[in-house]
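Here is a quick walk through a two-part model, written for someone who would rather look at the picture than at a table. Keep the viewer open and follow along.

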Amino acid sequence: MTRNRILFGIGVLAFVSVIVTVRLGGFLVDNEYRQPDRQVAAQEELGEAELVPRQQGIADEQAADEAEARARPYEEAEYRTVPFVGSRVTVWVLAQLHLLFAAFVLAVPLFAFIIEFVGYVKKEERYNKLAYEFTKLLSVSFSMTATFGAFLTFALIILYPKFTNYLMHIFSPTFLPYVLLFFLEALFLYSYYYGWGKFGPKMHLFLGFMLNVVGTAIMFIANAWLTFMMSPGKRDDIDGDGVPDFVSAVSESGALLSLRDAFFNFTWMPINIHRIIANVAFGGSIAAAYAAFRYLQAKTDEERAHFDWMGYVGNFVAIIAFLPLPFAGYYLAAEIYAFSQTLGIQMMGGTFSWLFVLQAALIGNLFLGANYYLWLGMGRMEGGVHFQKFIKWLLIAIALCFAVWATPRYAISSVSEIAAMGGSSHPQLSYLGQMSAKNTAVNILILSTYMSFLLYRRTGRQSIHPYRQLLTRAQAIVFSSAAALVIFYGVYGYFVDSATRIRFAIPQVYSVLAALVVITVIDLPLYRNAAQSGETKWGRIPAVSQYALIFIALSFTWLMGLMGYVRSGLRQEWHVYGVILDTSPDAYTPSLGFATQVVSVTVLVFFGLIGVVFWLSSLSGKKDYAPGAAPEDGGRLEGGQAA
Amino acid sequence: MLGLNLPVVIVLAAIGGVLAWRRANTLTWLLYTWVALWAFFKYGFAVPIPQSVATIYLGITGLALVCFASSSRERLSETVQPIVRLILEPRYRLALAGLLVALPALAAYNVYADLNVPLEAPGFGREVHPPPPTEMTVHDETVDMATAENPYLHYKHDDPELYGEHLENGRRVYYENCFWCHGDGMGGDGMFAHGLNPVPSNFNDVGTLPILQSSFVHWRIAKGAPGLPGAGTPWDSMMPAWEKFLTTEEMWDVNLFIYDFNGYEPRALGQH
């Protein structure tokens with residue numbers, strides 16, 4: 001009762017404050033010091049109402065403005081501005097928020113579908129429940145995606161009307177299919193979510209499959225719009241002289257020549273591949289962060305066990321998708337470089353190259369966070385101490401690779417440091433800033449992370465396979481050979497010309513991928529029906545592990561924002577590269593510091609909003625309101641059913 | 001040796017050896033690792049490494065050590081126990097008092113040291129590659145930067161004698177005009193180099209010529225510092241625009257020569 005009274009009192013006080021403020025404001029305006037007004041008042045009293053000079057001046061200005069407005073002919077605006085923030089930052093933030101929610105909405109159905117399918121095949125209900133738990137996040141996120149999509153569209157039409165009109169000129173035939181697909185997406189998403197348990201498993205899986213197909217198609221269409229802005233055409237050897245020629249999709253004046261070339265442009269497919277993989281990694285990490293959030297809120301061991309498992313699966317999905325991501329990124333960057341030397345140098349050697357040092361730091365953090373989570377997870381199993389001794393060596397390998405990857409080719413140096421080094425590159429460390437070292441570092445990082453996973457998988461388990469020794473040795477040989485090959489090519493790269501060195505990346509990648517596949521293929525039968533030294537106790541993990549999951553999600557989001565800026569910012573003063581110039585006041589490349597601030601604020605806003613999504617999603621597990629009932633302490637799982 | 005300051009490395013290794021011999025606890029090892037790496041990055045190299053890089057390395061080290069210390073309940077307990085004992089046990093009161101004085105003193109010294117850094121002009125990472133324009137005009141000829149190649153490069157296989165003549169001409173042009181700054185060995189260490197900031201490009205560097213198409217090098221020779229793009233400014237390069245002093249053939253010849261002298265091939269178009 002006391003609480004209600006206080007709340008009521010605060011409400012009344014707030015209302016009275018508003019009234020008092022308004023009245024006070026009115027009083028002050030009415031009683032402002034205006035000496036000439038006294039004269040007016042005096043004149044009014046005498047019946048001689050005339051305008052004082054100030055009033056006359058204001059009236060004249062208003063009349064002049066009105067006359068000017070009437071005389072002004074209608075003109076199409078090229079740009080409009082937003083006070084304080086600016087048009088570019090407005091569109092930048094909105095586009096980034098739209099993209100982050102869209103990535104999440106596209107990714108979650110992908111792995112929810114896979115988890116549901118696994119549950120269907122293995123006939124285990126817990127997978128079905130887990131997939132449903134993931135899907136619960138979709139409904140609100142879908143609305144957020146649509147809201148920010150509409151917001152972004154309006155912002156583009158209002159702030160960049162001429163450019164938006166141009167994009168419509170090029171891509172208007174794609175808009176109707178896009179909208180239709182969006183309807184289908186809504187249909188499949190809501191029938192997938194609300195139809196959980198209402199359809200047969202095959203029908204429900206079909207809905208999930210179609211949801212993914214439609215979602216991916218939507219992304220492919222939107223990707224064509226944005227990649228066209230970077231590469232408005234394709235590169236093809238049309239005259240047969242062996243030298244690639246640029247085949248523009250538009251004329252010199254910007255008129256459309258081929259919608260097909262504009263759509264299937266040079267960087268379209270590299271972006272599609274990169275985004276699908278990155279979306280899954282990002283979506284997995286956000287879902288894991290949700291599980292971490294629920295784990296930290298959990299009141300019972302049962303809840304902790306459920307959300308610990310959910311976090312583990314989300315993180316597992318994120319890391320599995322993350323491992324091939326550097327290669328997809330490398331492919332995209334290589335295609336951008338091949339498309340335009342100017343864009344390539346701008347990206348990897350010019351101003352934007354500094355952002356790749358930040359990228360390296362974030363990716364290093366991701367690897368470290370992912371490994372750390374696995375090491376902490378060993379505590380869930382009895383007998384986990386056995387592998388603890390390897391953590392030191394894994395950590396050394398990871399930290400060394402992280403350091404190599406974060407070493408800039410040309411360091412940020414003071415004048416005296418440059419003088420001491422004889423240039424911007426350090427005589428020894430600059431070797432670590434080169435591609436050979438970077439490729440080697442990332443491949444060893446992937447191998448180390450995989451090793452952590454193998455150790456985690458083995459914790460508390462003993463293989464009973466008749467050839468266990470032989471198979472384990474085979475795994476060790478494959479692993480060591482891959483690592484040796486990667487290091488060999490890394491070192492050898494310093495002794496060959498650049499063209500050969502760049503090609504060394506391919507055997508490095510293939511040897512690592514082959515090692516991952518071969519070791520996994522051996523590991524599956526090796527540890528099938530393995531003897532367990534103890535039970536896996538889900539939920540028995542230090543709370544810091546959950547913060548590691550949130551840290552991983554944050555790093556992923558930051559990374560997406562940062563790299564998205566690099567890809568988009570590369571065009572510099574062009575709306576459409578080489579075709580439509582940006583002539584707005586924002587047609588300059590912002591400082592790196594400013595760019596990182598915008599990205600950081602966007603990430604914070606996203607996490608604020610995703611926090612709301614988490615909260616709304618968790619409401620479904622709470623008890624219904626009942627008058628007079630005691631407040632509920634914690635959430636329950638699955639709408640009142642225990643997991 | 002290896003560009004290292006050996007006495008420092010030996011001292012740090014010896015301390016590590018003593019700790020191993022005395023079977024130091026986890027906390028001591030963690031502290032030693034961080035401090036030893038700090039000392040190594042600051043004093044362990046013959047040419048000191050830039051502060052920015054050392055900060056990155058020490059940040060990574062710090063993160064890794066925190067991860068290691070907390071990677072299991074047992075290890076965390078092992079790490080924290082000595083700190084708990086230091087705070088709680090009466091026999092360590094003197095050490096605790098010393099620590100309570102030492103930590104603020106260290107922070108104060110850090111502030112003092114930071115405030116006493118000699119004043120100097122801010123440095124910029126200028127030796128990044130400036131992006132070339134999509135095309136340029138040199139002596140009234142339009143050069144497409146994406147597709148242009150050195151017109152004399154193919155003589156290397158088609159007509160070695162003519163190739164040699166162009167090389168010889170390139171050599172003459174280089175030693176008449178370029179070696180003053182770029183050096184007679186092309187290491188960016190010519191006799192004027194010490195007076196320039198940024199220092200002239202080092203053509204021996206494996207990360208410079210081989211990753212560039214010859215059109216890029218032609219652009220840099222022809223347009224020099226005045227032709228550098230607005231992005232990434234300020235550019236303080238002193239490179240002259242050689243199109244005002246040399247013919248187009250001379251510029252392509254010297255282009256050919258600097259690649260040949262260093263044993264590199266220009267990057268090919270469409271090459272990833």
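## Val108(A) and the core around it

Leaving aside residues up to four places away in sequence, Val108(A) touches Phe134(A), Thr135(A), Leu137(A), Leu138(A), Gly283(A) and Ala287(A); touching, or being in contact, means that the C-beta atoms, placed from the backbone, lie within 7 Å. Val108(A), along with Phe402(A) and Ile552(A), has the most contacts inside the largest nonpolar core, a set of 179 residues. A nonpolar core here is a set of buried Ala, Val, Leu, Ile, Met, Phe, Trp, Tyr and Cys residues joined through C-beta atoms within 7 Å. Buried means 20 or more other C-beta atoms within 10 Å of a residue's own, exposed means 12 or fewer, and partly exposed is in between.

There is also a second, separate core of 26 residues, and it includes Val173(B), Phe203(B), Leu246(B) and Trp252(B).

## About the model

This is a predicted model, where local features need pLDDT of at least 70 and side-chain atom pairs count only at pLDDT 80 or more, while totals for chains, interfaces and linings use all residues. Residues are numbered from 1 along each chain as its sequence is written, and chains are lettered from A and ligands numbered from 1 in the order in which they are written.

## Helix H4 of chain A

Helices (H or I, at least four residues) and strands (E, at least two) are DSSP runs, numbered from the N terminus. H4(A) is mostly covered, with 26 of its 36 residues buried.

Why does the length of H4(A) agree with what its 36 residues should span? At 1.5 Å a residue they should span 52 Å, and the end C-alpha atoms are 53 Å apart; the expected span is 1.5 Å times one less than the number of residues. After H4(A) comes Lys123(A), with a positive phi near 55 degrees.

## Chain A as a whole

Chain A has 22 helices and six strands, and 42% of its 643 residues count as buried. Its C-alpha atoms fill a box of roughly 115 × 80 × 60 Å along the principal axes.

An automatic or database domain assignment sets the bounds: domain 1 of chain A takes in 90–230 + 269–328 + 545–619, and domain 2 takes in 382–535. Their C-alpha centres lie 30 Å apart. Four residues of domain 1 are in contact with four of domain 2.

## Chain B, end to end

Chain B is divided into domain 1 (6–115) and domain 2 (135–262), with C-alpha centres 49 Å apart. Just after H1(B), Arg23(B) takes a positive phi of about 50 degrees.

Further along, strands S1 (residues 135–138) and S2 (residues 141–144) of chain B run antiparallel and are joined by four bridges; strands pair if DSSP finds at least two bridges between them. Met136(B) has Val143(B) as its bridge partner. The two strands form a hairpin with two residues between them, and His139(B) in the turn has a positive phi of about 50 degrees.

## Where the chains meet

How many residues of chain B are in contact with chain A? The count is 54, against 60 residues of chain A. Helix H3 (residues 51–69) of chain B supplies the largest share of chain B's side, 10 residues.

How values were computed. Two residues are in contact if their C-beta atoms, placed from the backbone, lie within 7 Å.
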